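Take a look at the model first, and then we can go through them together.

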Amino acid sequence: MFRLVSLLVFAISLLGICEGYGTGAPPQACIHMTPGHLVAGNASDPISPQAGTAPYTVSINKDVYGPGEELQITISGTETFIGFLLQGRPDDEDLPVGGFSELDAAKMKTVPQCSSEYEAGAITHTDTTAWTAAGFTVKWTAPDENVGNIIFYGTVAKDHDNFWVKIPSESIAYSGFAVLSPTVFMLLLPLAVALSRMM
């Protein structure tokens, strides 16, 4: 009986593998960012990523970052897509930094196993409901310290068999200071004016 149950569990697990990762990228994809989708009916034959220019882009609303600064990161393209894995990494590093927030909880989640220091440094999909070509935008908060230039990488799956791995954004540099939001700037302006009159 125990052997029968074990075989049943094993068969179910293989079925899940063949269907891909409908609930998001697994922790073992954190570094290479390759989904690990398998050819239907062959549990040992992985599907290769698409070559050439991807129909998707990873874009950032700024070209510099300061300590703890908030940026907007967007995945979009010319075609719909059903899955993704997104990280921001320092140049020539394999681990993500910073943290994503303001996620659509019904469609996204963090992958805390990708970094013990930045548990919200990687995000993925939670189901295979398709995004339109317009994609989505999420908030990312920079580390409090200088980690050098950062590039955001996105692996995007059009469908189970067609995906592009580690699509890079433009590189953003460390600015050395936090950029104030317009709201904070307006709140601090009267104080700055008052202090200047006292000098």
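## Salt bridges

K62 and E69 form a salt bridge, with their closest N and O atoms 2.7 Å apart; the term means a side-chain nitrogen of Lys or Arg within 4 Å of a carboxyl oxygen of Asp or Glu. K62 is partly exposed at 31% relative accessible area, while E69 is buried at 3% (buried is under 20%, exposed over 50%, partly exposed in between, with a 1.4 Å probe and protein chains only). By this rule the count comes to 4 salt bridges.

This is a predicted model, where local features need pLDDT of at least 70 and side-chain atom pairs count only at pLDDT 80 or more, while totals for chains, interfaces and linings use all residues. Residues are numbered from 1 along each chain as its sequence is written, and side-chain values use heavy atoms, leaving out hydrogens and water.

K139 meets E70 in a salt bridge at 3.4 Å, N to O. K139 also forms a salt bridge with E102, at 3.3 Å between the closest N and O atoms. K139 is buried at 13% relative accessible area, E70 is partly exposed at 44%, and E102 is exposed at 59%.

## A buried arginine

What about R89? R89 is buried yet has no salt bridge, and D94, the nearest side chain of opposite charge, is 4.1 Å away. The backbone oxygen of C30 lies 2.8 Å from a polar atom of the R89 side chain.

Key
Lys and Arg count as positive and Asp and Glu as negative; His and the chain ends are not counted. A polar contact is a pair of N or O atoms within 3.5 Å; within protein, one must be able to donate a hydrogen and the other to accept it, and residues adjacent in sequence count only if both atoms are side-chain atoms.
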